[in-house]
Number of protein chains: 2
Amino acid sequence: MELTPRKKKILAAVIEEYIRTAEPVGSKAIAAKGNLGCSPATIRNELAELVSRGYLEQPHTSAGRVPTPLGYRMYVNELMETQDLSDEEVAEIAERLSGPLPPDQLMSDAGRIASQLTNYPALTITARPAATIRRFDLIYLDANSFIIVLLLSTDAVKNKLVRLPVSVDQTMIQKLSTLFNAHFTGISENAITPGMIHAAERAAEDNLGITAVIAAFAIETLTDSEQTQAYLVGETQLLNQPEFRDPDKAHRLMRYLTEGGHLADLPLEEMHGDNELRVLIGPENVAEELKDSSVIIATYDAGDNMRGIIGVVGPTRMDYSRVAAKLSYIAAGLSKRLGGGSSMPPPGLDNKLIIKGEDFDEREIKEEENEG
Amino acid sequence: MELTPRKKKILAAVIEEYIRTAEPVGSKAIAAKGNLGCSPATIRNELAELVSRGYLEQPHTSAGRVPTPLGYRMYVNELMETQDLSDEEVAEIAERLSGPLPPDQLMSDAGRIASQLTNYPALTITARPAATIRRFDLIYLDANSFIIVLLLSTDAVKNKLVRLPVSVDQTMIQKLSTLFNAHFTGISENAITPGMIHAAERAAEDNLGITAVIAAFAIETLTDSEQTQAYLVGETQLLNQPEFRDPDKAHRLMRYLTEGGHLADLPLEEMHGDNELRVLIGPENVAEELKDSSVIIATYDAGDNMRGIIGVVGPTRMDYSRVAAKLSYIAAGLSKRLGGGSSMPPPGLDNKLIIKGEDFDEREIKEEENEG
DNA sequence: TGTTGGCACTCTGTTTCTTCGAGTGCTAAT
DNA sequence: ATTAGCACTCGAAGAAACAGAGTGCCAACA
């Protein structure tokens with residue numbers, strides 16, 4: 001059953017006030033905001049119903065109301081208004097994303113910006129598609145060393161300096177270079193078989209094991225290139241939040257975020273279209289450690305078939321509206337920089353972003369719940 | 001004036017007990033440890049004197065004693081006994097440092113190990129000596145792109161994929177490659193002058209600005225190579241320490257450590273010989289934010305004239321002896337891996353490490369200090 | 001029927017007071 | 001020089017009292 005417009009307004013008011021103050025909010029405070037012309041008593045009736053329908057809860061009888069995850073979900077899906085960024089904010093983001101930085105740096109910088117602007121820890125995740133090698137080059141240095149240079153299909157260039165315990169001559173290196181270019185380009189990691197390596201070894205008349213070294217580097221590079229990388233910046237911001245004044249609680253979450261690489265597998269299945277935000281509220285997170293935190297992520301086009309995620313983590317009492325606006329602008333900026341052109345998008349664009357969330361069930365709370 | 005042997009024993013006992021419990025320690029507790037055959041009353045006399053000489057202090061009358069920075073300094077310099085690592089610890093460190101990892105990874109891994117083994121945040125700093133370019137290679141890809149490959153004097157290889165808005169032919173690339181190899185190798189960053197670049201441009205008959213692009217990359221690479229890099233791992237461990245139960249305090253220190261790159265300039269002047277530990281206790285740290293923390297750092301030989309620092313940060317009530325043992329073994333391991341051979345040093349070696357600290361002044365505390 | 005003022009009630013956070021005990025410094029005895 | 005004894009101090013912890021914010025409900029009202 002739909003909520004009446006007034007209930008929605010009240011719910012939104014409670015949530016916004018709670019986000020602002022982190023204190024349970026009472027009927028009086030809402031009435032004082034003045035938006036709806038009715039008395040605290042009326043609001044109390046409405047609040048009671050919002051509680052019984054699961055959108056709010058009371059820490060104890062005779063305290064104000066606090067939003068439940070369901071309440072936040074409703075707020076995010078239907079109630080909250082998209083915020084505009086201030087001109088300064090737009091300018092700052094644009095400025096900081098416009099530097100002549102290499103993609104990796106740009107992305108980690110974007111995380112830093114997100115964290116600083118939202119005052120929450122920010123995460124960045126880059127998923128790389130399986131790459132292939134586009135070109136091999138072996139640069140002969142001297143009898144005992146050469147450099148392997150690999151150009152990947154993603155335009156990344158990888159290299160390695162190889163020192164040999166034995167001598168090779170320049171023609172051998174040349175031969176190997178040609179061979180590898182002929183047979184090892186354009187294929188994926190698991191297409192490189194021991195058989196191929198042996199064949200190349202024979203063809204180059206290499207009895208020093210150089211072929212194997214090169215092949216190993218190729219495989220290693222391809223394997224690495226597939227890995228998703230995840231970074232976290234601004235963990236310390238958590239300590240600003242009243243809900244993390246308990247050091248143990250803070251420690252638990254921070255450990256989860258920084259250790260064990262949980263970050264990487266966190267929202268991978270949440271990868272979705274560009275210019276779309278996703279909000280995971282409290283128990284909607286699969287990880288136990290995140291059950292009373294919220295995560296907002298935006299996906300962006302990182303160019304070359306790569307897709308990136310940028311997001312922030314915070315308590316469920318997160319300023320969804322503000323964070324969404326900033327994240328989406330940052331993500332749009334990254335898409336522009338990495339995917340398409342090199343200038344920043346107009347700041348108005350982000351209003352069109354879709355905030356997509358989970359479905360939710362309103363649950364009826366029984367009048368009386370016996371326990372013990 | 002030297003402390004009597006018994007005073008030293010008592011001071012050591014106080015410090016060790018305080019490190020263990022984080023509570024002010026009383027005369028009774030020390031007597032109970034049994035090492036010295038005298039009664040609590042005697043110990044009280046001795047304690048009183050240690051207080052008046054500045055090694056200990058009392059949070060308030062009728063509380064136990066707490067070490068002052070001077071007390072810790074004395075402990076570190078003269079009192080503390082070098083600890084041996086357990087076989088498991090030796091095995092774990094050796095195991096984790098023996099992987100076939102590239103140097104960068106190895107160093108950041110070492111930080112992780114240090115943090116996990118000591119339960120304090122760990123920092124790693126790498127200072128790179130100014131590098132020169134040993135060799136230039138330009139790899140022609142197609143009319144619109146080529147790769148720059150630089151081999152540095154440090155054996156590092158850097159590269160960049162350049163895409164051009166205009167066409168070049170292979171001979172031009174070749175010509176530039178030869179030119180750069182002839183004139184831009186073996187020199188330092190600031191030896192590259194605009195004049196040189198112009199000269200090269202003319203010599204190569206390059207009117208497309210390609211020379212400038214290559215030169216810019218060379219300069220950028222050289223600049224980068226000089227920078228010291230600093231990492232911090234395990235910041236969250238701070239939250240374990242009772243002295244950081246106050247989230248604001250913890251936040252302040254963590255922010256200092258993680259932001260603004262203070263880390264890099266922290267103990268740079270503390271660079272010192274290999275296999276030597278340095279301990280900075282509380283106010284001995286120059287940074288205001290570290291005034292009631294301690295830092296222990298070990299320097300290791302990172303090979304190729306590079307020098308690395310690995311260390312931990314914690315409250316002044318740090319387990320100096322335990323941390324010193326672990327850090328020195330890790331540093332020795334890194335030196336071996338990166339500098340000399342590739343096997344781990346024997347675990348006994350670390351006992352020979354010098355713990356070098358600051359000089360200190362014993363200050364006489366007047367019987368009565370009037371204030372207000 | 002929905003809204004409102006009034007009022008008794010509940011519950012928490014804060015403050016104040018008390019108590020408890022660890023630890024001290026001092027003194028006198030050994 | 002060391003030690004036992006003792007009075008004293010001071011903070012931590014607990015108990016009691018208090019204030020106030022907020023509620024639910026009832027009766028009055030539009």
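B:Asp109 is buried, with a relative accessible area of 15%. Buried here means under 20% relative accessible area, exposed means over 50%, and partly exposed lies in between (1.4 Å probe, protein chains only). The model is predicted: local features need pLDDT of at least 70, side-chain atom pairs count only at pLDDT 80 or more, and totals for chains, interfaces and linings use all residues. Residues are numbered from 1 along each chain as its sequence is written, chains are lettered from A and ligands numbered from 1 in the order of writing, and side-chain values use heavy atoms, with hydrogens and water left out.

B:Asp109 sits in helix 6 (residues 103–118) of chain B. Helices (H or I, at least four residues) and strands (E, at least two) are DSSP runs, numbered from the N terminus. Leaving aside residues up to four places away in sequence, B:Asp109 touches B:Arg96 and B:Leu101. Contact means heavy atoms within 4.5 Å. B:Asp109 also forms a salt bridge with B:Arg112, with 3.3 Å between the closest N and O atoms. A salt bridge is a side-chain nitrogen of Lys or Arg within 4 Å of a carboxyl oxygen of Asp or Glu. Both partners, B:Asp109 and B:Arg112, belong to helix 6 of chain B and are three residues apart, about one turn of the helix.

Over all chains, the rule gives 30 salt bridges. B:Lys8 takes part in a salt bridge with B:Glu2 (3.0 Å, N to O). The side chain of B:Lys8 also meets that of B:Glu78 in a salt bridge (3.3 Å, N to O). B:Glu2 counts as exposed, at 51% relative accessibility. B:Glu78 is partly exposed, at 40%. A network of salt bridges links B:Arg6, B:Lys7, B:Glu46, B:Glu49 and B:Arg53.

Another buried residue of chain B is B:Leu97, with 0% relative accessibility. B:Leu97 lies in helix 5 (residues 87–97) of chain B. In sequence, B:Leu97 and B:Arg337 are 240 residues apart; in space, they are 7.9 Å apart, C-alpha to C-alpha.

The two protein chains also meet. Chain A and chain B each contribute 30 residues to the contact. Between them they bury about 2500 Å², 57% of it on carbon and sulfur atoms. Buried area is the accessible area (1.4 Å probe) that two parts lose on being put together, summed over both. On chain A, A:Thr236, A:Leu239 and A:His251 supply 21% of the area buried against chain B, more than any other three residues. Two salt bridges cross the interface of chain A and chain B. A salt bridge also joins the side chains of B:Asp248 and A:Arg245 (3.4 Å, N to O). Ten residue pairs are in polar contact across the interface of chain A and chain B, both residues at pLDDT 80 or more. A polar contact is a pair of N or O atoms within 3.5 Å; within protein, one must be able to donate a hydrogen and the other to accept it, and residues adjacent in sequence count only if both atoms are side-chain atoms.

Strand 4 (133–142), strand 5 (145–152), strand 6 (157–163) and helix 10 (247–258) of chain A each supply at least two residues of the side of chain A that touches chain B. Helix 10 of chain A gives the largest share, seven residues. By class, this side of chain A has twelve nonpolar, six polar and twelve charged residues. Ala, Val, Leu, Ile, Met, Phe, Trp, Tyr, Cys and Pro count as nonpolar, Asp, Glu, Lys and Arg as charged, and the others, Gly among them, as polar.

DNA strand C is surrounded by 19 residues, the closest being A:Arg6, A:Thr42, A:Ser62, B:Ser27 and B:Arg65. A residue is near a strand if one of its heavy atoms lies within 4 Å of it. Of the DNA strand C atoms within 4 Å of the protein, 76% belong to sugar or phosphate and the rest to bases. A side-chain N or O atom of A:Thr42 is 2.2 Å from a phosphate oxygen of DNA strand C. For B:Ser27, a polar side-chain atom lies 2.8 Å from a phosphate oxygen of DNA strand C. Helix 3 (residues 40–52) of chain A provides the largest share of the surface near DNA strand C, four residues. By class, that surface has three nonpolar, twelve polar and four charged residues.
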